[in-house]
Amino acid sequence: MKKILFLLLVCTLISCEPRLENDVRALFKTRVVDASGSPIENMLVTATTFRSFDLIIGQDIPKFSEPDEDFLLGQGVTNANGEVDFLMLVDGGFFVNFNSQNFFSNKISVSRRELGDDLFLNIPETILKEAAIVEIDFINTSGTTDSYSVTFDYESLNCDLIYSNNMLSQDEECAFFERQPREFNSNLNDGNFELNVFYPSVIEVIFTDSAGTETMRTFDINNPQERYEISY
């Protein structure tokens, strides 16, 4: 009985075709390239009504909404030129997911209105970046006991891209929370920060002393692991 229930669950989530918006179909198309502009071949691209999160072991776990409302709407695989197109079911807004062993699993949030009356969404080019771990260490060379605050402005792995008005941009609401001030020099060894970012990219660091004086540093991220020290 348990095996039967498991098979039914798999069928519901993956292979069984739901009837959404009266079986309306839309056409999705894009070209997937890396940061240098080279096409990414043989990448699975899916359209889903759910958001999935990557685990360290490389598996995706779906984040479900209400029962019977999470579906795979369509999928395709990029060709040698990085191009992919496929028909998909329509169920309001959706996520476009890009999955590869070599690239972080980027996701794009798309609202229903972007399909338009012709039910066709063409994102001319989707640039995928790799993931980097960046350590930033604040080193107290002045001996000050004052507390500092710091903000980081960077391309976070935690924030979706949003496609709107023919443009791709990072989710500003998510980015706002990523940029919230963090304190250091209040406790021992609290000046070490680890950021998970896309690269190549730029990190802008602004730290502020107790008198309100701001200092800015900018770092170009071009490798999967980087470390920087900032003296204060």
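User: When do two strands pair, and in which sense do S11 and S16 pair?
Analyst: Two strands pair if DSSP finds at least two bridges between them. In this predicted model, 5 bridges join S11 and S16. The sense of their pairing is antiparallel.

User: In S16, which residue is the bridge partner of Val150?
Analyst: S11 covers residues 148–153 and S16 covers residues 201–208. The two strands pair over 5 bridges. In S16, the bridge partner of Val150 is Phe207.

User: Which kind of aromatic pair do Tyr148 and Phe207 form?
Analyst: The ring centres of Tyr148 and Phe207 are 6.5 Å apart, with 45 degrees between the planes. Planes under 30 degrees apart count as stacked and those over 60 as edge-to-face, so the rest are tilted. The pair of Tyr148 and Phe207 is therefore tilted.

User: How many residues apart are Tyr148 and Phe207?
Analyst: Tyr148 belongs to strand S11, whereas Phe207 belongs to strand S16. Their pair links distant parts of the chain, and the two residues are 59 residues apart.

User: Which residues do ring pairs link into a cluster with Tyr148 and Phe207?
Analyst: The structure holds 13 aromatic pairs. Ring pairs link Tyr148 and Phe207 into a cluster with Phe138, Phe152, Phe184, Phe193 and Tyr232.

User: Which strand is joined to S16 by 8 bridges, and which residue in the hairpin takes a positive phi?
Analyst: S16 and strand S17, residues 214–221, run antiparallel and are joined by 8 bridges. Within this pairing, Ile203 has Phe219 in S17 as its bridge partner. The hairpin of S16 and S17 has 5 residues between the strands, and the residue with a positive phi near 90 degrees is Gly212.

Terms used. Residues are numbered from 1 along each chain as its sequence is written. This is a predicted model: local features need pLDDT of at least 70, side-chain atom pairs count only at pLDDT 80 or more; totals for chains, interfaces and linings use all residues. Side-chain values use heavy atoms; hydrogens and water are left out. Rings of Phe, Tyr and Trp (its six-membered ring) pair if their centres lie within 6.5 Å; planes under 30 degrees apart count as stacked, over 60 as edge-to-face and the rest as tilted. Helices (H or I, at least four residues) and strands (E, at least two) are DSSP runs, numbered from the N terminus.
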